[in-house]
Amino acid sequence: MTEIQVNESEKQVRYTPAEIEPKWQAVWDADAGLYAAEPHDSGKPKYYCIEMLPYPSGQLHMGHVRNYAIGDALARHMWMRGYNVLHPMGWDAFGLPAENAALKNNTPPREWTLANIAAMRKQMQRMGLSYDWATEVTTCLPEYYRWNQWFFLRMFAAGLAYRKKSKVNWCPECATVLANEQVVNGCCWRHEDTIVEQRDLTQWFLRITKYSDELLTGLDKLEGWPEKVRTMQRNWIGRSEGTNVDFAVEQGVGSREEGVEGKGTRITVFTTRVDTIFGATSIQLAPEHAVAKAFAAEDAALAGQIEELLEQQKKAREAGDVGAIEKHGVPTGRFAVKPFNGERVPIWVANYILADYGTGAIMSVPAHDERDFEFATKYGLAVRRVIAPVAVTDVAPELPYTAEEDAVLIDSGTWTGLGCVDAQAKMAAFAEVGGFGTATVTYRLKDWGVSRQRYWGTPIPMVYCACSGEEPIPLPESALPVVLPAQVEITQQGGSPLGRVAEFVNTTCPKCGGPARRETDTMDTFVDSSWYFYRYTDAKNDTAPFASEKANYWFPIDQYIGGVEHAILHLIYSRFLTKVMRDLGLIKNDEPAERLFTQGMVIKDGAKMSKSKGNVVSPDLMIERYGADATRMYALFAAPPDRDLEWQEEGVAGISRFLGKVYRLTTKYGAVRSTAARTADAWGAESAAGLELLRKLHQTIGKITQDFSGRWHFNTSISSIMILVNEITAKEAAMDAGEISDAVIAEVFRGLTLLLAPFAPFVAAELWQQMGHEGVVFRTPWPVVDEALAREDELEIPVQANGKLVTVVKVAAGSDEAVVKAAALADAKVVARIEGKTLVKVIVVPGKLVNLVVK
């Protein structure tokens, strides 16, 4: 090109996000279809990308921004790759904080929640996030939660929703029940310092255990989920294969709850190692076991001791680790009979046995279980070895000996000499034939308790009437939604606030037409978030939760993004609800999401950024200082997206300066028009400087394309854009002097702007317009790498001697091994290093490295 004259106005060009970003946000807001998904028959492949919906606490912080920036960059990139993209947003709007705010500020929960939603939506729009707000979902509105109630009725009819009295987790701070998954280290998941108590209450449960095995085996198919999440779910589901074995209680003493009339009392234990039963030297009961209670009813001294054990167990639960409890136990003075050989074994009650795990009773085999060995050693109980290695040695293995493979039974009657695994199957079958045992599979996973004693949640659509003997009666679907009353006094004391609203409680029985009372518990808010992404596909449907054909088009989700802290709660519940909906005939998919990405946390002052810790940084402040593009781009650049990010405001300032450089260069050179796109062969007449720029551009295209297709190394993607800009800056004098053609300049700046578009859409839109291009920049096709142009003419090859770097040699790209070897051995530094030594071997890693082995 002719020499560019840089006038004074060009020298004064400044990047002003405070002007650029509102301008483009207004343009985008005026285009209602900009971020809308296309019809299903568009002919484009579908791509469903969502970030987990937030709780509307009132303000976004940089931890939120990081999550949303990842999804936004991905959605924009997939639009540019020609996909039909669904990228929605909604609000997980029920929950306790709204009730706390009502108490603190005397503001009704609905008013507080909707005001927060409006504020956070405004923040998201100012960030330039590419959500289709026409699909917005708000879970606290009747048009959404009526479908929670609809699902509940369908599940009740299918036997998947039921009511029973149960020992439940109670958070004194929340004044409500918590599911097992919501208890973390003995404390409430919301109030990390509040110890959870145990209470007996009648509660509603969802029968998630019906799907235990499918939830477990389905994890093997979720190859696009992080292994950490899959492992956490496997451990939570906790499948164990073993045998239930009945031990008869001597003397016919004790409760008959566990027994069969005419056979006497029995204690059923679950064991995964029935092959060790000849080594069982006692039975251990949980303090709350029915037989232990029966013994205690007849022995006041024993009752006091058991009560003490129970108190120890309670304190261990409160401390958050029952497994680490100091083990204590008391003998009951009673005996049970071992069914395989009639041997009497003493019955103990122990504080480390849990009533709600397995059967609440174990057979203690000290020689072959670490926990049992510790207990037996403390109390002087017998230790009997019944398993030995296959390989006979003079020295017996140290106890406890827990091997299963390459081990055989000894001193075990007719089963002596069998391998452990073989014996387990044969002894379980023997027990079954004898009527005192069965092969059994157990799970750690318990049914999901969904009753909550609070106001701000979905009302449970059941009533109670004398005509049914106070058994719950489902409402007809025509009675939905059961709407929350608007004015309720919230005290967080004395049960659900709904129970004090007569207009809500008193109703008509749908069965007999007489007076009835409504259920006053509300649903766990995880019910809301377990299916919301299906509603996104048909958010305005008022006759069904969604149309099946729409959900079947979009599901499974192609990319789901959120924190690993949801691995057990939300993610396992959503998998359960998906399987329920499939079995109800609503959908065809077995799993909600094909791929899951768990982003790292934003850390400030040594702790996770959160409102409760008082260390949040508002994106509003960062936007005011540096702009939305710099703010979101920093969140992507400062660390790999799956790693924690240490917050530094100077990093945002640095990104802002970088965007200023891009803006200056593009404003200066971007008006140059290119001709039609060319291939590598067509660029042959370009100068060396021009080809170097093109090479760096196409290397950058290749790198970022690969990053989006792989592990999302957006930090290195942005770094590669910075390297490209540095290369452009280094060639600025050559461009000014006309040494690089208009076509090259136009190609480079067009490519740079398209590469920037997913990460910094505001400035990309501005530069795209300045360059005179038509259309929306992030709906323009993604640039395609030209491998020939990207290929280096020369490669720099490190040369090492015995693993230590000696020099770097340059060779022509594509050189064979002989040429690379010759260049390395001819280098003066290499010659000097190996002089007087024996060259044992030359290892050439093509295109990467030469390593010399010398002596």
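In this predicted model, helices α3 and α18 are roughly perpendicular to each other, since they pack at an angle of about 90°. Helix α3 covers residues 62-80 and helix α18 residues 628-637, and their axes lie 9 Å apart. On the α3 side, the contact is made by Met62, Val65, Arg66, Ala69, Ile70, Asp72, Ala73 and Arg76, which meet Thr631, Arg632, Ala635 and Leu636 of α18.

Charged pairs come next. Side chains of opposite charge can pair when their charged atoms come close. The count of salt bridges in the model comes to 43. One of them joins arginine 266 to aspartate 246, with an N to O distance of 3.6 Å. Arginine 266 lies in strand β11 and aspartate 246 in strand β10, so this pair ties together parts that are 20 residues apart in sequence. Arginine 266 is partly exposed, at 23% relative accessibility, whereas aspartate 246 is buried, at 17%.

Another salt bridge links glutamate 343 and lysine 338, at 2.9 Å from N to O. Here lysine 338 is buried, with 0% relative accessibility, while glutamate 343 counts as partly exposed at 22%.

A further bridge is part of a wider arrangement. Aspartate 590 pairs with arginine 582, the closest N and O atoms being 2.9 Å apart. Aspartate 590 is partly exposed, with a relative accessible area of 35%, and arginine 582 is buried at 18%. Both residues belong to a network of salt bridges that also links Glu214, Arg575, Lys579, Asp583 and Glu591.

Terms used. Residues numbered from 1 in each chain as written. Predicted model: local features only at pLDDT ≥ 70, side-chain atom pairs only at ≥ 80, totals over all residues. Heavy atoms only, no water. Axes fitted to C-alpha atoms, helices over the stretch in contact; angles between N-to-C directions. Helix = DSSP H or I, 4+ residues; strand = E, 2+ residues; numbered from the N terminus. Parallel < 35°, antiparallel > 145°, perpendicular 65-115°, else oblique. Contact = heavy atoms within 4.5 Å. Salt bridge = Lys/Arg side-chain N within 4 Å of Asp/Glu carboxyl O. Buried < 20%, exposed > 50% of the residue type's maximum accessible area, 1.4 Å probe, protein only.
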